[in-house]
Amino acid sequence: MPRRLTLNAYVNGLNEQNRSVLGRAISLVESKRPADRVLAESLLTECMPRTGSAVRIGITGVPGVGKSTLLDRFGMLIVERGLSVAVLAIDPSSSRTGGSILGDKTRMAQLSVHPNAFVRPSPTDRHLGGVARKTREAMLLCEAAGFDVVLVESVGVGQSEILLAGMVDCFVALMLPNAGDELQGIKKGLLEWIDILAVNKSDGENARVSERARREYEAALHYVPHRHTSWTPKTLCISGLTGMGLEDLWDTIQIHRETLIQSGAFDEMRQQQRLEWLDSLLRERLWEQFTHHEQVSHSLLVLQQKIANGDMSVRDAATRLLKTFDSSDP
């Protein structure tokens with residue numbers, strides 16, 4: 001097969017819910033090659049009329065909280081209810097090599113082979129926010145391929161995870177039972193974006209401490225503004241290992257969605273997401289134009305060395321580079 005399909009082949013493959021074509025379409029939008037970008041933009045334009053109806057859920061949590069185990073079992077629960085689910089599992093890229101492990105298919109052993117599921121690991125490509133550089137586009141392609149639910153698993157929890165919260169309808173934070181330690185590390189800004197907070201690994205001997213942790217998290221959420229005025233964040237105890245509480249989690253997600261739709265907040269949220277996508281694309285394109293500018297790229301190497309040697313201030317270097325860019329011919 002050719003490395004790249006034709007536009008019609010991509011569109012037809014997505015219409016037929018061909019998972020192989022979907023994977024190749026995501027690779028296309030993730031590509032940095034100019035020719036691929038042109039084709040990817042045409043593909044996204046063709047797909048837009050068939051997007052927007054899926055339930056978009058973001059899952060975040062500190063490393064070791066059990067995100068992949070949870071998603072494997074939670075995804076199976078969703079498909080057993082007659083729905084199809086796509087999982088975009090984001091792996092951190094090395095800041096030195098740009099590589100990533102991309103091992104989520106092995107950690108989601110059941111879901112990754114289910115005919116009504118699609119699991120796609122993607123590297124962050126050193127992109128901030130716990131998401132991949134083209135997560136928004138990948139979500140739209142999954143919707144165009146007919147998936148009812150799109151789950152996005154982020155690399156971790158922290159202030160930068162707010163970016164993921166701004167891409168999804170429901171933002172779920174997984175926490176460990178040791179609430180005392182966890183509360184100290186949670187940024188107030190993150191709490192303001194949480195729709196559902198679930199204490200994972202709450203089975204067996206952890207049951208009592210998990211319930212205590214849930215109450216502490218619930219109390220903490222009362223002291224911060226909520227993401228939506230019509231929704232009070234809910235706290236749950238769950239276990240991705242045993243499946244305990246996962247039906248409650250899915251039901252709560254459904255209630256959250258209906259609440260936002262009835263209040264009008266859902267449409268407002270989707271509108272804001274589109275505007276933020278525009279802002280993100282403009283920043284990306286402007287930065288690429290700036291760094292690929294011949295005179296700027298040449299000056300950048302020289303000025304970087306001067307900054308490293310302490311011969312020029314960062315502010316002066318930035319000013320000079322911007323003047324170089326502004327003074328050039330269009």
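Leucine 286 counts as exposed because its relative accessibility is 51%, where exposed means over 50% relative accessible area, buried under 20% and partly exposed in between (1.4 Å probe, protein chains only). This leucine lies in helix H12 (residues 265–292); helices (H or I, at least four residues) and strands (E, at least two) are DSSP runs numbered from the N terminus.

The model is predicted: local features need pLDDT of at least 70, side-chain atom pairs count only at pLDDT 80 or more, and totals for chains, interfaces and linings use all residues. Residues are numbered from 1 along each chain as its sequence is written, and side-chain values use heavy atoms, with hydrogens and water left out.

Strand E4 (residues 149–153) is largely enclosed by the rest of the structure, because five of its five residues are buried. In a regular strand the side chains alternate between the two faces of the sheet. From E4, Val149, Leu151 and Glu153 point one way, whereas Val150 and Val152 point the other way. Strand E1 (residues 55–61) pairs with E4 in the parallel sense over five bridges, pairing being assigned if DSSP finds at least two bridges between two strands. Valine 55 stands opposite valine 149 in E4.

Leucine 88 touches Val150, Leu151, Val152 and Glu153, among other residues, not counting residues up to four places away in sequence; contact means heavy atoms within 4.5 Å. Leu88 is also one of the residues that touch the most other members of the largest nonpolar core, which has 45 residues. Such a core is a set of buried Ala, Val, Leu, Ile, Met, Phe, Trp, Tyr and Cys residues joined through side-chain atoms within 4.5 Å. Helix H2 (residues 19–30) supplies the largest share of this core, six residues.
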